[in-house]
Amino acid sequence: MANDPQPDPYNYGVVVHEAPKFDLAAYISNYKGRTVFRRLHLIASCSTVLAEEAARMAVLEAKKGSDVRNYLESLALLERVSKGRNLGHLLDPAWASQQEKKNTAETARLESELKGYKNNLIKESIRMGNEDLGTHYYTIGDLNNAVKAYSRMRDYCTTTAHITSTAFRIIAVAIEQRNWLAVQSQVQKVKNIQLKPEDMTRNQPKIQAASGLQQMSNGHYREAANSFLSTDPSLGDNYSDVLTSNDVAVYGGLCALASMTRSELQTKVLENNSFRNFLELEPHIRRAISFFCASKYSQCLEILESYRADYLLDIYLQPLVRDIYTKIRTKSIVQYLEPFSKVTLASMERMFGRAALSNGAANGAATGPDFLSEIVSLIQQGRLGARIDMEQGVLETVQHDPRAEAQQTALDMVDAFVREARMKLIRLQVINAGLEVRPPPKKKSWGMDQGDGTWDEGDAAFLGPGGRDIVGNDFEGVTYSQRKGG
């Protein structure tokens, strides 16, 4: 049935046992719209600590709206996490059926009104009718029909404000559907619109935030970081139905850490007066970036690790946390090793310690298996130019001789030039000896030659004695390019 509970598209099978640092009520109060339920549902599905509280809040949030499916999903989830506790005050069997009847009646009314507007051929009325119908579909959770209704609005938009409003409505639905290609398309469309200065000032922060979210979700962290860093602080809570200013700080900071160098982090993030307003909302992100720029990698990684539970309960970060953290950790290891020619594995593990040190590692003679396998993997992937000396328990960097490398590059270029020149000489000798094998000429009928009106290689078959063609035109002594009109 249409209203049967469906699997949560935002839940990637992650279970979080640690308690997050945020207060659930204060955290969820920053958002509005359908994202409130989606975030509560994800937390209830993943967090063993906040599961019951989040599920109860999700049920109450679902009853505030008109989406029956959300109510059934949250109710099923609450029954699963409550472990048999009394839920009588939350159960309302009649609500779902009554709301379903209301939704059906409202859909029929709006469709009837839209049909009347189309009969009257009034463009503005048709646009508003599609807008009301799309909003209704979006409210009741019928996202596919919502996109169709919003898309039909574009044919009746008469001003840039109407086009921009339609694009943002489609973006909101596409984000919930995780249709990032549609988000990218609509964002680009808004960027190409010639808006008034005041409209551009109002829409630019939302454009950059939506663009950054799309790029981050596709794994393009550098582009996402640049988009978030370009977001104007005037965003405030104007886009809280998708994300908040706190989210911009977290997403932008993590993407920058995963993709930018230390100098770029210093100039583009910490010294960015505009983005500093966002970092003030999440000071731990600013501290982590500052530690990374100061080469204090262990402190940076400790801060990020302490907030892992929070990020695993974010609907957009959850599938990316592992990848982002791995990239930041790899960058830290590579940059830590860069100024040294030789480092003990034990000291590196104390710095980046993923696993507890063994007894031998504590004395500087060995290292944990997890950390060692991580180093081996980085070397095999070419990310770490080093060699492991297991006997001494050290990691030696591969020394490069710039002069020898430059000389070898020059020798390789000479060898390539000599080989290419030799092959060209051989080809010239083959042509001069008449040994070149040419493809047979293309045969063309008289009708085709008369029809195309151009001269090509196939037309050589029509030359008669003395270089004259069949109709008597003299082409003797005329080159092929001249015959072509060149």
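Predicted model: local features only at pLDDT ≥ 70, side-chain atom pairs only at ≥ 80, totals over all residues.
Residues are numbered from 1 along each chain as its sequence is written, and side-chain values use heavy atoms, with hydrogens and water left out.

**Exercise 1.** Which residues of H9 are buried, and against which helices do they pack?

Solution. Buried means under 20% relative accessible area, with exposed over 50% and partly exposed in between (1.4 Å probe, protein chains only). In H9 the buried residues are Trp-180, Val-183, Gln-186, Val-187 and Val-190. They cover an arc of only 125° around the axis, which puts them on the same side of H9; the arc is that of the directions from the helix axis to the C-beta atoms. An α-helix has 3.6 residues a turn, so residues three or four places apart point the same way. The buried residues of H9 pack against helix H8 (160-177) and helix H10 (197-217), where contact means heavy atoms within 4.5 Å.

**Exercise 2.** How many aromatic pairs does the structure hold? Describe the pair of Phe-228 and Tyr-251.

Solution. Rings of Phe, Tyr and Trp (its six-membered ring) pair if their centres lie within 6.5 Å; planes under 30 degrees apart count as stacked, over 60 as edge-to-face and the rest as tilted. There are ten such pairs. Phe-228 and Tyr-251 are 5.9 Å apart centre to centre, with 55° between the planes, and form a tilted pair. Phe-228 lies in helix H11 (residues 221-229) and Tyr-251 in helix H12 (residues 245-259), so the pair ties together parts 23 residues apart in sequence. Phe-228 is buried at 0% relative accessibility, and Tyr-251 is buried at 1%.

**Exercise 3.** Which charged residue lies over the face of Phe-168, and which sits over the ring of Tyr-307?

Solution. The criterion is NZ of Lys or CZ of Arg within 6 Å of the ring centre and within 35 degrees of the ring normal. Lys-206 lies over Phe-168, at 4.7 Å from the ring centre. The charged end of Lys-21 is over Tyr-307, 5.3 Å from the ring centre.

Conventions:
Helix = DSSP H or I, 4+ residues; strand = E, 2+ residues; numbered from the N terminus.
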